[in-house]
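Biologist: I would like to go through this model with you. Could we take the helix packing to begin with, and then the domains and the ligand?

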Amino acid sequence: MTNSFVFPCLLLLLLPLVAAQLRVGFYNSTCPRAELIVRKVVQERFRKNRTITAALLRMHFHDCFVRGCDASVLIDSTKTTPSEKNAVPNQTVREFNLIDKAKKKLEAACPGVVSCADIITLATRDSVALAGGPNYSVPTGRRDGLISDPNLVNVPGPTFSVSQALQSFTAVGLTLFDMVTLLGAHTVGVTHCDFFRNRLSNFEGTGKPDPTMDPALVSKLFSLCGTQSRPLKHDPTTFLDRTTPFIVDNQYYNDILAGRGIMQIDQELALDASTASFVSGFANDSLGFQLSFANALVKMGSIEVLVGKAGEIRKNCRVFNSKRKM
Ligand code: HEM
């Protein structure tokens, strides 16, 4: 076989692989206004409600950590078939209507072209920029998944140690540094008392609060939360970053260095020998955090994505195109 034959053959073999990658501007020719349409919906909603940045960051995280960024978190459960929405950690994931609104506009402009997984990714990117965070380019070309099973939802929990949490991150190809950076998302949004009440009194059976929490914060949170656990919809909430709760900045790292982490995992990040230096690095370098946060979000958004002909482009983000696929 001559080289002139081998080379074109190799090229033909490699082409589908190359074409099957995510890329910035994936919709430039198939739906040129796609990114603009998403941005307008996000801007409009943000003007009325600044908490959407937190909601979308968490939605993106919970989507990507369960079978990759495939919009499986958006599927509604039915009477007969539960979806990821039924899993406990997803019960407080919100802003599904925002995604529906963007999808409706995109379907009107370019039917069957833009995936719900890309809408989550783009909307998160836009909401982060609106909240003062980095403004970054994000590759697109994801396709929507065909499975949404509550039993597969195993996102890390708030009382995880750093090493336990790290196992969840390495399982999806992220590093310790990515984890410290992505937890910086707790610079916005809220948590229910249920996820940190254990720290406020009788912590680990000691009869006292968690000694690593600033005592002034313990007493404020104790009066908010009390000792009685309640259903999440009646459980009070507090900001994760009580200093600048609506701004994507490096204040979270300063908070946790001062013993003002709300959840155990937040506080441990500042205290664990493996992560403490990253935390103080970000606390002292606002720009460094912004750059790393953008990179880490792009990396998180690339976890196990479906591309090429895999999956589907859902018409309605809440239901699979074909009924049999749940
Ligand atoms: C070890 C990893 C993590 C744990 C254990 C964790 C846990 C939690 C918990 C328990 C809440 C409170 C939910 C509620 O009360 O409704 C929360 C909120 C939040 N999480 Fe995380 N999280 C982790 C990583 C992440 C990552 C990687 C992101 C995004 C990149 C993220 C973004 C958020 C945001 C923005 C909120 C506030 C949500 C809102 O206001 O609705 N978290 N997290």
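Biologist: At what angle do the axes of helix H2 and H4 cross?

Modeller: In this predicted model, the axes of H2 (residues 34-48) and H4 cross at roughly 145 degrees and come within 9 Å. Axes are lines fitted to C-alpha atoms, for helices over the stretch in contact, and angles run from 0 to 180 degrees between N-to-C directions. Helices (H or I, at least four residues) and strands (E, at least two) are DSSP runs, numbered from the N terminus.

Biologist: How are residues numbered, and what confidence was needed?

Modeller: Numbering starts from 1 along each chain as its sequence is written. The model is predicted, so local features need pLDDT of at least 70 and side-chain atom pairs count only at pLDDT 80 or more, while totals for chains, interfaces and linings use all residues.

Biologist: Is the crossing of H2 and H4 left-handed or right-handed?

Modeller: The H2 and H4 crossing is right-handed. A crossing is left-handed if the near helix is turned anticlockwise from the far one by less than a right angle, and right-handed if clockwise.

Biologist: Which residues meet there?

Modeller: H2 contributes Ala34, Ile37, Val38, Val41 and Arg45, which meet Leu98, Lys101, Ala102, Lys105, Leu106 and Ala109 in H4. Contact requires C-beta atoms, placed from the backbone, within 7 Å. By class, the contact of H2 with H4 has eight nonpolar, no polar and three charged residues. Here Ala, Val, Leu, Ile, Met, Phe, Trp, Tyr, Cys and Pro count as nonpolar, Asp, Glu, Lys and Arg as charged, and the others, Gly among them, as polar.

Biologist: And at what angle do H4 and H5 pack?

Modeller: H4 (residues 96-109) and H5 (residues 116-130) pack at about 115 degrees, with their axes 10 Å apart. That angle makes H4 roughly perpendicular to H5, a term that covers 65 to 115 degrees. H4 passes H5 in a right-handed crossing. The contact is made by Leu98, Ile99, Ala102 and Lys103 of H4 with Cys116, Ile119, Ile120 and Ala123 of H5.

Biologist: What about the crossing of H3 and H5, left-handed or right-handed?

Modeller: H3 and H5 make a left-handed crossing. Their axes come within 9 Å and cross at roughly 145 degrees. Among the residues that meet are Leu56, Leu57 and Met59 in H3 and Ala123, Thr124 and Val128 in H5. The contact of H3 with H5 divides into eight nonpolar, five polar and one charged.

Biologist: Changing topic: what does the domain assignment give?

Modeller: The assignment gives domain 1 (33-152) and domain 2 (162-300), with bounds from an automatic or database domain assignment. Their centres, taken over C-alpha atoms, are separated by 23 Å. The contact takes 18 residues from domain 1 and 17 residues from domain 2. H3 gives the most to the side of domain 1 that touches domain 2, with six residues.

Biologist: Why does the ligand shell lie between the domains?

Modeller: Domain 1 and domain 2 both give residues to the shell around the ligand, so it lies between them.

Biologist: Which residues come nearest to the ligand?

Modeller: Of the 25 residues around the ligand, Ala54, Thr92, Ala185, Gly189 and His192 come nearest. A residue is near a molecule or strand if its C-beta atom, placed from the backbone, lies within 6 Å of it. H3 gives the most to this shell, with five residues.

Definitions and conventions:
Parallel < 35°, antiparallel > 145°, perpendicular 65-115°, else oblique. Contact = placed C-beta atoms within 7 Å.
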